Amino acid sequence: MNAPYRIQGATGEWEVVIGLEVHAQVTSKAKLFSGAATEFGAEPNTQVSLVDAAMPGMLPVLNEECIRQAVRTGMAIDAKINAWSRFDRKNYFYADLPQGYQISQLYHPLVGEGEIEVELEGGATKKIGVERIHVEQDAGKLMHDQHPSFSYVDLNRSGVALMEIVSKPDMRSPEEAGAYVRKLRSILRYVGSCDGNMEQGSMRADVNVSVRRPGEPFGTRTETKNVNSVRFIMAVIEYEASRQVDVLESGDSVVQETRLFDPDKGETRTLRSKEDAHDYRYFPDPDLLPLELSDDFLRECRESLPELPDAKRKRYEQELGISAYNAAVLTAEVETARWFEELLAATGKTGPEVGKAASNWVISDLFGALNRLGKDITESPVTPAQGAELIGLVADGTLSGTLAKQVFEIMLETGDNPGKIVEERGLKQTSDTGEIEKVIAEVMAANADKVAEYRGGKDKLFGFFVGQTMKAMGGKANPGVVNDLLKKALG
Amino acid sequence: MSVDTATVRHIAKLARIAVTDHEVEALVPELNNILGWIEQLGEVDVTGVEPMTAVIPNQLRMRPDEITDGNVRDAVLKNAPVAEHGFFAVPKVIE
Amino acid sequence: MANLNDLGIAAIRDGFRKGDFSAREVADSFISAVEKARALNAFTVETPDHAIAAAEQADRDRSQGDFKPLSGVPLGIKDLFATKGVQTASASKILEGFKPEYDSTVSGKLFAAGAGMLGKLNMDEFAMGSSNETSAFGNVLSPWRRNDGGNAALTPGGSSGGSASAVSARLCPGATGTDTGGSIRQPAAFTGITGVKPTYGRCSRWGIVAFASSLDQAGPMARDVRDCAIMLEVMSGYDPKDSTSLKLDVPQWEAGLSSDIRGKRIGIPREYRIDGVPAEIDAVWEQGIQWMKDAGAEIVEISLPHTKYALPTYYIIAPAEASSNLARYDGVRYGNRVAPENGSLDDMYKATRAAGFGAEVRRRIMIGTYVLSAGFYDAYFNQAQKVRALIARDFQDAFKQVDLILTPTAPSAAFGLGETTDPLGMYLNDVFAVPASLAGLPAMSVPAGLDAQGLPLGLQIIGKPLDEQGVMNAGLALEERAGFTARPEAWW
Ligand SMILES: [Mg+2]
Ligand SMILES: [Zn+2]
């Protein structure tokens with residue numbers, strides 16, 4: 001059990017309390033309420049329909065895929081799915097909000113309570129509660145640096161579907177918050193409901209932070225908006241916690257407010273532009289009816305869920321005999337697990353027989369190579385089938401570990417299959433005792449002095465003879481056979 | 001419940017409508033007159049009554065996830081009071 | 001040949017088919033009537049080119065033997081309907097000059113059915129009003145005058161006042177209206193014409209400038225029941241672009257018209273007898289009851305116990321929805337912008353909306369903002385939605401006993417412009433119309449007679465959800481018995 005995270009103030013210890021509202025862009029071709037495209041990076045105002053621009057008389061029509069994805073996400077965190085939900089309008093004025101309201105869900109969200117288990121350092125785990133997931137529209141974008149007296153408005157994002165995933169105030173350290181966001185991102189990507197791309201803004205968090213004396217009631221919180229990386233989220237928590245401790249210890253009180261993170265300075269500051277927008281006058285959107293989901297729809301959502309990271313990790317440990325560490329690494333990212341499982345399938349084998357070797361090879365050899373090449377697993381120059389073939393060649397004794405590494409390097413360079421490389425370059429490991437005995441005899445003849453020393457009791461020299469034999473055979477000798485024969489020959 | 005000048009100013013601010021002192025003075029009795037009248041609803045016993053959701057029984061339909069719109073920048077910007085370089089332009093916002 | 005302006009929609013359609021006249025002749029006749037009637041201020045924009053183009057197309061089609069449901073019929077379109085390339089301002093300064101890139105579903109259907117557009121019809125700003133005095137483009141005058149020899153300017157009613165005035169003055173054989181809390185029925189009653197508000201969800205709201213989304217419905221305004229049935233058949237229908245649109249086939253209402261209402265049970269709600277309503281209103285109602293009996297219907301007294309709360313309920317829900325619906329008029333993407341020099345974005349919003357909205361619109365936005373604001377939502381808006389459910393339940397209960405309900409349309413005849421200055425007094429105009437709006441029911445107004453001043457009075461028929469046919473059939477039975485032929489004498 002780790003020691004609890006504490007902030008050492010001048011007057012004693014403080015505990016930090018963290019809740020996160022993560023906005024995750026739902027993976028869909030078209031927007032939540034209009035048929036305009038959602039793709040990232042388009043020319044300004046090209047992915048905008050008359051609905052998104054809130055032209056007079058335009059009306060919203062709900063995109064089924066966005067609801068399906070949000071429901072699947074809820075199911076993935078074991079949350080309560082509300083078969084009856086509805087949309088509300090959140091009213092406020094801003095230039096990035098064409099309708100003058102955001103269609104969101106306050107009173108009856110699509111997804112209710114669920115939870116996410118996170119892994120902490122040292123193997124500990126913790127369950128973080130999820131309060132709700134509701135579906136809502138994204139706003140457009142304002143650009144302030146293009147003109148001396150104007151801000152420019154681009155509505156391409158306006159109306160893109162978001163899931164707002166609201167955690168309970170269950171986190172107590174930057175590490176826990178970081179682990180929560182990483183785990184949430186992993187789940188979203190497994191489910192396929194969000195691409196998790198934080199740089200492009202597909203996932204961003206409102207970070208709610210307060211501090212208190214351990215065991216006391218919650219303090220006043222601040223909300224730092226739109227933080228778009230795990231590192232920044234953790235930085236916001238550290239900064240806000242120590243700022244609030246300073247405020248409290250100097251006898252002031254924390255103001256409940258919205259703040260903005262400045263990544264350059266690593267600081268948060270009061271966000272002025274939305275200061276007086278607290279009264280959102282929520283009410284049910286009269287342009288939409290209550291959303292009632294059928295049992296069939298819900299069943300289809302559940303049946304389409306993939307195996308999720310926690311279940312996968314347990315299965316890897318139990319069925320494949322993979323170490324807890326390796327299983328965690330292999331299941332953290334959906335692409336890694338997918339690659340690994342394709343490789344397993346291509347080996348044609350199951351269970352610990354192949355699991356251990358395959359996981360070790362992926363984590364040490366493949367990851368090492370990808371690291372060197374600066375590529376991620378989806379860009380791997382070696383296919384899962386090729387990896388499986390290589391592992392098979394080791395398992396059947398064709399290749400030694402050393403030879404396998406050699407072959408793998410050639411595979412990375414040429415893209416050739418390992419069998420072909422072994423064939424063409426004669427890299428096959430030999431267990432031919434006659435050939436090995438012949439080489440041993442030559443090695444012993446060339447090192448008669450050392451043979452005498454060995455026979456005189458210098459046991460350490462055995463390794464020397466192994467090395468010389470292997471070297472003379474270009475690394476192709478089966479090391480086990482070499483050992484046995486050497487022992488016999490040296491007496 | 002009745003409104004005073006401060007409340008009227010607050011509502012006007014929420015609604016983003018500029019009001020002069022004179023207009024505020026005039027609005028206080030006007031709004032109070034209307035509010036006083038609609039408050040009679042408070043006397044209706046609504047125990048166990050669900051607020052109306054659909055005027056006529058009807059179910060929300062969903063549309064398939066297809067790109068059927070957009071790529072109409074000219075139409076989108078056509079009526080804009082100020083549009084530059086493909087953007088709408090508004091007085092500079094300092095965040 | 002009869003004066004073409006005197007013909008209604010069915011007569012124009014049929015005469016055009018028979019070859020009695022060309023569509024172009026019809027269009028020209030109405031275009032010149034519109035030009036001569038500018039004193040009524042019924043139109044905010046005249047679009048003779050549109051009417052002529054549609055007429056010429058109809059004439060070409062006719063030579064091929066091709067007839068559409070409204071071939072040869074020119075119409076007026078309320079300014080609340082978006083019309084492609086033609087100013088759509090909702091009679092508001094904030095949208096002056098706005099030319100949408102789209103046609104509303106309803107106006108688009110009318111055009112696709114062969115109708116031409118004579119112009120955009122004046123109305124109360126954003127449909128908020130009952131006298132057409134809130135238009136940024138000036139009051140609409142009723143073509144009617146009192147028979148006292150004076151020439152006091154009268155209201156055509158509102159908010160579809162331009163539509164009512166134009167149809168009544170024979171400037172167009174039919175016009176679109178919209179009805180949120182009586183905006184078709186009350187002006188129809190004031191001007192001696194016929195208007196139908198269909199079941200909520202019958203007509204698509206797509207492309208109609210929103211006032212109060214849960215109440216707004218488009219409908220026809222024309223000279224008689226048959227003409228309304230013809231128009232409504234074209235205007236109605238499922239629209240996937242409106243989530244509240246009803247996915248139902250459109251009945252053949254015109255073919256189904258029958259004034260035989262023998263055996264129908266007609267409810268007379270006792271709560272609609274309210275103090276302070278002129279005796280003439282009661283009298284016309286009595287007359288209507290008598291006509292229904294003559295037609296073989298059975299009269300049943302019914303109770304709609306929450307009637308008294310309908311208006312205050314409406315004046316919470318409609319402004320609340322409007323305060324949100326009108327937030328988009330902010331001077332950013334379209335419409336007029338007022339930006340104080342060196343002002344902030346907020347300064348722009350405030351100045352734009354203060355200058356762009358008229359007094360009644362501002363008042364309703366303020367009320368709507370207040371009833372939704374923190375701490376008041378439950379007491380006002382949520383309470384109103386509950387009372388609304390009770391009002392709808394009253395009707396459901398009543399319709400277990402009766403097929404239709406008969407009431408007066410409005411509590412008075414048309415009043416003089418400028419006569420009603422108190423907002424609450426103005427709101428009372430819709431006391432009989434609003435309950436059906438809150439319940440989403442089909443309802444219509446048919447002219448029933450004249451009061452002592454020679455001004456038209458209307459009767460309202462309210463039906464069960466989707467029973468437009470029953471409503472219009474009863475309307476036809478009244479129409480036949482009322483024999484209403486009075487029309488305003490042209491003074492314009
Ligand atoms: Mg938030
Ligand atoms: Zn949100």
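Biologist: Is E164(A) buried or exposed?

Modeller: Buried means under 20% relative accessible area and exposed over 50%, with partly exposed in between (1.4 Å probe, protein chains only). E164(A) has a relative accessible area of 10% and is buried. This is a predicted model, in which local features need pLDDT of at least 70 and side-chain atom pairs count only at pLDDT 80 or more, while totals for chains, interfaces and linings use all residues. Residues are numbered from 1 along each chain as its sequence is written, chains are lettered from A and ligands numbered from 1 in the order in which they are written, and side-chain values use heavy atoms, leaving out hydrogens and water.

Biologist: Which residues are the protein donors of the zinc ion (ligand 2)?

Modeller: Donors are N, O and S atoms within 2.8 Å of the metal (3.2 Å for Na, K and Ca); water is not among the atoms, so sites may look incomplete. Here the zinc ion (ligand 2) has H23(A) through NE2, and E136(A) and E164(A) through OE, at 1.9 to 2.0 Å. Along the chain these donors are spaced H-x112-E-x27-E. H23(A) is in strand β2 of chain A and E164(A) in strand β11 (residues 161–167) of chain A, so this pair ties together parts 141 residues apart in sequence. Strands (E, at least two residues) and helices (H or I, at least four) are DSSP runs, numbered from the N terminus. H23(A) is buried, at a relative accessible area of 9%.

Biologist: Which residues coordinate the magnesium ion (ligand 1)?

Modeller: E21(A) (OE), D206(A) (OD) and E223(A) (OE) do, at 2.0 to 2.5 Å. Their sequence spacing is E-x184-D-x16-E. Distant parts of the chain are linked by E21(A) in strand β2 (residues 12–25) and E223(A) in strand β13 (residues 222–227), both of chain A and 202 residues apart. Both E21(A) and E223(A) are buried. The magnesium ion (ligand 1) lies 5.3 Å from the zinc ion (ligand 2).

Biologist: How many residues of α15(C) are buried?

Modeller: In α15(C), 12 of the 15 residues are buried, leaving the helix mostly covered. Among them are E468(C), V471(C), L476(C) and A482(C). The buried residues pack against elements of chain C including α7 (225–235), α8 (279–294) and β10 (443–450), where contact means heavy atoms within 4.5 Å.

Biologist: What does α15 (residues 468–482) of chain C reach from its first C-alpha to its last?

Modeller: The expected span of a helix is 1.5 Å times one less than its number of residues. Helix α15 of chain C, with 15 residues, reaches 20 Å, close to the 21 Å expected. G483(C) follows α15(C) and has a positive phi, near 50°.
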